[in-house]
Structure formats: structure tokens, C-alpha cells
Amino acid sequence: VSVIVKNKESIDQWGTYITTPVVTADEAKVKIKTRVSAANSFLVTDIMDDSGKLVSKDTARKIFGNEFEQDLAVLRPRLWSPETPVLYKAVSRLYADNELKDEVSTSFGIRTVSYTADKGFQLNGVTRKFKGVCLHHDLGPLGAAVNKAALRRQLRILKDMGCDAIRSSHNMPSLEQLELCDEMGFMF
């Protein structure tokens, strides 16, 4: 259980939704939708690459209902795949009355995903088969409490066996498991 305390003016919990609708070798369009609880506010978002370098920045001043929409460009994107799990980070800062009220960091990979009858599943334009397992949320005799080091060890063993995809079983996966899968290169 986590107790999350926020200002009245804040970015909603799980309120950031990131997609990459257009990806080429030269440029990726990163679309970010951010739900907030704030009037008279604006949102500043920085995108950092995996080395922490700023690669794109945008300030959104127009809000639709309770949601900001931002379209940012990342030049020469490094694509996420199981072989190269490159993650970018969007750092969104909400200001109300010119005062910083909230800051949220969201990791994401830039990639394309498609599925057609003739080519099957494609990741970044390459047809591939899933080499996966069905994985329960618990860690065997360690139980269901989240142990990030044990999860990392379990995923490392699966990766060393050639696994690149995971289907969760029965119970929802923990946030820690999903983050490790992104970081270690597992399709989930």
C-alpha cells in the first residue's frame, strides 16, 4: 500500500499517457496527454534521453477540460526493443499561478507496433515471434510481497534463457515488475 499526498493543484495519479504515433529514423513524434487538477495552470515537459540529456521541451498553456496535450519531437530516436531497451524520461512540471505545484517523471520507450494478417506482429517494422512465458505475480517460496531484487533476478534468468515476452497470470503485476520489464527489454 502506498499513501500518496499531493497538492490540491496536481498532476493526477497515473494521469500521464504517452504514445509515439509517428516514428522514423530521423524523428519521433511523442504525444503526451496529462490530466491535472488545477485551474489557471500551465505544464512544462522535458524529455531526457537515457544518459539524462535534454532532447525535447514544451510548455502547454491551453487546457482542454482537465487535460493538457503536448506533441514533442525527438530527433534521431533510439528505438526500444528487447535487444536494445532504450528508455526516455518525460519530466512534467505543473505550475499554478506561476508556482511549481507538482512534478512527475514517466519513463517510456520509442517504438512502433503493428499487427497485420500477412506479416503478423511487427516491432519497429520487423516481424518477430514472441518468445515468452506465462508468469505468476508471486516469487515462489518468497511469496507475493514485492521484492525488486528477486524480481530482477527472476527476469535476468528468463532473459538468459532467451525469453523476450511475459504474460501475467491471474493477478495484476506490480508496478515494479512492469518497470523492470521495460528496463530489461521484455514485451509485456
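The lining of the largest pocket is made up of 21 nonpolar, 11 polar and eight charged residues. The structure described here is a predicted model, in which this pocket has a volume of about 1,400 Å³. Its lining comprises 40 residues, and those lying nearest the centre of the pocket are Thr106, Ser107, Leu175, Leu178 and Asp182. Two or more lining residues come from each of E1, E7, strand E9 (120-123) and H2, and E1 makes the greatest contribution, with 10 residues.

Helix H2, which spans residues 175-184, has Gln177, Leu180, Cys181 and Met184 as buried residues. These four cover an arc of only 105 degrees around the axis, and they therefore lie on the same side of H2. The buried residues of H2 pack against strand E11 (132-136), helix H1 (148-160) and strand E12 (165-169). After the helix comes Gly185, whose phi is positive, near 90 degrees.

Turning to charged side chains, a search of the whole structure finds 14 salt bridges. Side chains of opposite charge can pair when their charged atoms come close.

| Salt bridge | N to O distance |
|---|---|
| Lys101 and Glu9 | 3.7 Å |
| Lys31 and Glu69 | 3.5 Å |
| Lys31 and Asp71 | 3.0 Å |

Glu9 is partly exposed, with a relative accessible area of 23%.

Lys31 takes part in two of the tabulated pairs, one with Glu69 and one with Asp71. In the pair with Glu69, Lys31 lies in strand E2 (residues 27-37) and Glu69 in strand E5 (residues 67-75), so parts that are 38 residues apart in sequence are tied together. The salt bridge between Lys31 and Asp71 likewise links distant parts of the chain, with Lys31 in strand E2 and Asp71 in strand E5, 40 residues apart. Are the residues of these pairs buried or partly exposed? Lys31 has a relative accessible area of 18%, and because buried means under 20%, Lys31 is buried. Glu69, by contrast, is partly exposed at a relative accessible area of 38%, and Asp71 also counts as partly exposed, at 44% relative accessibility. Elsewhere, salt bridges that share partners join Glu9, Glu99 and Lys101 into one network.

The backbone also deserves a comment. Most residues other than glycine have a negative phi. Arg76 has a positive phi, near 45 degrees, although it is a residue other than glycine. Arg76 is found in the loop between E5 and strand E6 (88-96), and at 61% relative accessibility it counts as exposed. Asn98, which is not a glycine either, has a positive phi of about 60 degrees. The loop between E6 and E7 holds Asn98, which counts as exposed at 67% relative accessibility.

Note on methods: Residues are numbered from 1 along each chain as its sequence is written. This is a predicted model: local features need pLDDT of at least 70, side-chain atom pairs count only at pLDDT 80 or more; totals for chains, interfaces and linings use all residues. Side-chain values use heavy atoms; hydrogens and water are left out. Buried means under 20% relative accessible area, exposed over 50%, partly exposed in between (1.4 Å probe, protein chains only). The arc is that of the directions from the helix axis to the C-beta atoms. Contact means heavy atoms within 4.5 Å. A salt bridge is a side-chain nitrogen of Lys or Arg within 4 Å of a carboxyl oxygen of Asp or Glu. On a 1 Å grid over the protein atoms alone, a cavity is a set of points where a 1.4 Å probe fits but cannot get out, and a pocket is an open set with protein on both sides within 12 Å along at least five of seven lines; lining residues have an atom within 4 Å of a point. Grid points are joined across faces, edges and corners, and a volume is the space filled by probe spheres set on the points. Ala, Val, Leu, Ile, Met, Phe, Trp, Tyr, Cys and Pro count as nonpolar, Asp, Glu, Lys and Arg as charged, and the others, Gly among them, as polar.
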